[in-house]
Amino acid sequence: MDTEKTGEAVELAPGVYWAGAIDWNGRDFHGFTTPGGTTYNSYLVVGEKTALIDTVKAPFAGEMLRRIRQIIDPSKLDYIVVNHMELDHAGSLAELKKETNAKILITRRGVDILNGYFRDSGSENWDLEIVQTGDELDLGGKTLMFLEATMLHWPDSMETYLKEDRILFSNDGFGQHIATSKRYDFEVGNALPDAAEYYANILMPFHMPLLRFMGVLDKLGVEPLQIAPSHGIIWKEDLKKVLEAYKSWANGEVKEKVLVIYDTMWGSTEIMANEISEAIRADGTEVKLLNLRKNSRSHIMKEMLDAAAFAVGSPTLNNGLFPTVGDFLVYLKGLRPQKKKAMVFGSYGWGGGAVKAIEKELKDAGIEVIEPGLQVRYRPYEKELERCKKFGEQLAAIARKR
Ligand code: FEO
């Protein structure tokens with residue numbers, strides 16, 4: 001099957017169509033750098049009645065409507081399933097509601113968000129029905145079952161299962177930020193690294209709700225043949241692989257891998273970072289050296305996903321840490337990676353301060369910090385380089401004992 005039909009709706013199963021939009025130029029998703037763009041996937045299910053599952057980001061409403069029109073007249077739509085009210089999925093609701101009186105199916109928590117964003121479009125007069133886990137909608141030949149997925153990614157999040165065709169419309173779950181004219185995993189090669197980056201930057205803080213949700217799928221006997229997220233490609237051939245990967249990520253499984261994350265002002269912290277990473281490499285442990293001005297925060301968080309330990313290095317600037325390091329630590333704190341150990345290093349001229357400031361931020365993020373940190377004044381020479389080597393060896397030993 002070749003789904004490279006960018007202007008057309010794509011059929012997933014008889015009567016089930018992708019009618020989404022491709023954002024080729026999207027480069028940032030609330031702080032997540034997306035060099036490959038993204039997609040907003042909307043799906044049309046046609047039984048005796050019809051339902052649209054999710055919409056797209058507002059500027060893409062026309063693209064979605066064009067694809068819907070290839071299958072049905074949008075004014076004939078019976079239902080709109082709102083899996084999630086974040087505006088990359090719900091942003092076209094107002095445009096769509098100008099075309100149809102379709103009833104909106106939404107979670108209880110979603111209603112408040114809907115009215116928060118769309119009151120000025122008359123949302124308080126829209127026909128709504130609140131659904132919860134296990135509720136079903138019979139479209140005539142197609143049955144949708146609703147599964148609340150609280151905090152995957154917002155309090156209102158939900159996933160929808162099409163029972164006859166065994167397709168799980170998983171919204172943010174199992175997504176990837178990639179723009180492609182292809183719709184399936186087997187058409188793009190390996191999409192797991194993109195799924196890992198997505199998980200690390202969007203779902204990492206919600207590993208407990210995710211494990212609970214996977215338990216609900218088991219309990220309700222949901223065994224999908226396709227997982228159709230609202231970003232990126234649809235999982236079919238690699239479906240088992242992505243499910244296993246999600247279990248591993250949600251359980252915080254890590255390997256013998258260390259990250260050395262740093263920025264530098266006059267080169268001293270970089271000399272330290274190089275020496276530390278070389279000692280880790282010489283130990284036989286996998287290491288990634290990540291300069292904060294050369295790597296996006298989202299790429300670093302993807303590398304963080306399976307790393308057992310990491311080091312953060314910063315020069316001292318105005319008695320505190322370097323701005324890029326502060327930016328990264330704010331981002332890291334929000335994502336709350338689990339089962340990581342960290343050490344801190346840096347250089348200074350007179351007062352110092354960066355190492356202590358980083359240690360505090362890491363502890364606040366719930367990271368186990370191994371002290372003391374390593375500080376070098378001005379330039380590292382022979383004696384200081386030997387301390388960097390020992391620091392790297394200690395990090396490698398920590399990663400080995402994961
Ligand atoms: Fe893809 Fe939480 O929105």
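On one side of helix α8, K240 and E244 are exposed, where exposed stands for over 50% relative accessible area, buried for under 20% and partly exposed for values in between, computed with a 1.4 Å probe on protein chains only. The model is predicted, so that local features need pLDDT of at least 70 and side-chain atom pairs count only at pLDDT 80 or more, while totals for chains, interfaces and linings use all residues. Residues are numbered from 1 along each chain as its sequence is written, and side-chain values use heavy atoms, with hydrogens and water left out.

On the other side of α8 from K240 and E244, the residues L239, V242, A245, Y246, W249 and A250 are buried. They lie on the same side of α8 because they cover an arc of only 125 degrees around the axis, the arc being that of the directions from the helix axis to the C-beta atoms. These buried residues pack against α5 (185-188), α6 (192-203), α7 (207-219) and β16 (226-229), with contact taken as heavy atoms within 4.5 Å. Helices (H or I, at least four residues) and strands (E, at least two) are DSSP runs, numbered from the N terminus. Just after α8, G252 adopts a positive phi of about 70 degrees.

Elsewhere, strand β7 (residues 43-46) pairs in the antiparallel sense with strand β2 (residues 16-18) over 3 bridges, pairing being assigned if DSSP finds at least two bridges between two strands; in β7, Y43 is the bridge partner of W18. Strand β7 is also joined by 4 bridges to β8 (residues 50-53), again antiparallel, and a hairpin through 3 residues connects β7 to β8.
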